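Work through the exercises below with the structure open. Try each task before reading its solution.

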Amino acid sequence: IVVVRLVADPETNASRLHGRDSGAGLEWHLARAIELADLLERNGVGDFIVDASDSTPDELAKEILVRAGWMPAD
């Protein structure tokens with residue numbers, strides 16, 4: 001099992017949350033995302049971290065596969 005932690009800058013996280021939530025749910029998720037990011041960082045969760053701020057899903061998948069050693073790098 002390989003645990004990959006995807007991270008994004010706070011502005012990207014907020015933008016993504018605004019795109020899927022609203023009202024009290026949005027406010028809860030905005031606050032919780034900050035708490036969870038800090039908790040995961042402090043506890044070293046993940047075999048490696050990938051920044052998902054500016055990447056497409058295909059780019060992320062390729063990076064993860066390469067870094068996990070499951071696919072050769074180009």
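This is a predicted model: local features need pLDDT of at least 70, side-chain atom pairs count only at pLDDT 80 or more; totals for chains, interfaces and linings use all residues.

**Exercise 1. Find how helices α1 and α2 are oriented relative to each other.**

Step 1. Locate the helices. Helix α1 covers residues 10-20, and helix α2 covers residues 23-42.

Step 2. Take the geometry. The two helices pack at an angle of about 155°, and their axes lie 10 Å apart.

Step 3. Apply the cut-off. Angles over 145 degrees count as roughly antiparallel. Therefore α1 is roughly antiparallel to α2.

Step 4. The crossing of α1 and α2 is right-handed.

**Exercise 2. List the residues through which α1 and α2 meet, then sort the contact by class.**

Step 1. Start with α1. Its residues here are Ala14, Leu17, His18 and Arg20.

Step 2. Turn to α2. Leu26, His29, Leu30 and Ala33 face them from that helix.

Step 3. Sort by class. The contact of α1 with α2 has 5 nonpolar, 2 polar and 1 charged residues.

**Exercise 3. Decide whether Ser53 is buried or exposed, and find its partners.**

Step 1. Ser53 sits in the loop between β2 (48-51) and α3 (57-67).

Step 2. Check accessibility. Buried means under 20% relative accessible area. Ser53 has 11% relative accessibility, so Ser53 counts as buried.

Step 3. Look for polar contacts. The side chain of Ser53 reaches the backbone nitrogen of Asp9 at 2.8 Å. The side chains of Ser53 and Asp51 are joined by a polar contact of 2.7 Å.

Step 4. Collect the contacts. Leaving out residues up to four places away in sequence, Ser53 touches Val7, Ala8, Asp9, Thr12 and Arg16.

**Exercise 4. Classify Val66 and Trp28 by accessibility.**

Step 1. Val66 belongs to helix α3, and Trp28 to helix α2.

Step 2. Take Val66. Its relative accessible area is 27%, so Val66 is partly exposed.

Step 3. Take Trp28. Exposed means over 50%. Trp28 has a relative accessible area of 51%, so Trp28 is exposed.

Step 4. With neighbours within four places in sequence set aside, Val66 is in contact with Met71, Pro72 and Ala73.

**Exercise 5. State how far apart Trp28 and Ser15 are, in sequence and in space.**

Step 1. In sequence, Trp28 and Ser15 are 13 residues apart.

Step 2. In space, Trp28 and Ser15 are 14 Å apart, C-alpha to C-alpha.

How values were computed. Residues are numbered from 1 along each chain as its sequence is written. Side-chain values use heavy atoms; hydrogens and water are left out. Axes are lines fitted to C-alpha atoms, for helices over the stretch in contact, and angles run from 0 to 180 degrees between N-to-C directions. Helices (H or I, at least four residues) and strands (E, at least two) are DSSP runs, numbered from the N terminus. Angles under 35 degrees count as roughly parallel, over 145 as roughly antiparallel, 65 to 115 as roughly perpendicular and the rest as oblique. A crossing is left-handed if the near helix is turned anticlockwise from the far one by less than a right angle, and right-handed if clockwise. Contact means heavy atoms within 4.5 Å. Ala, Val, Leu, Ile, Met, Phe, Trp, Tyr, Cys and Pro count as nonpolar, Asp, Glu, Lys and Arg as charged, and the others, Gly among them, as polar. Buried means under 20% relative accessible area, exposed over 50%, partly exposed in between (1.4 Å probe, protein chains only). A polar contact is a pair of N or O atoms within 3.5 Å; within protein, one must be able to donate a hydrogen and the other to accept it, and residues adjacent in sequence count only if both atoms are side-chain atoms.
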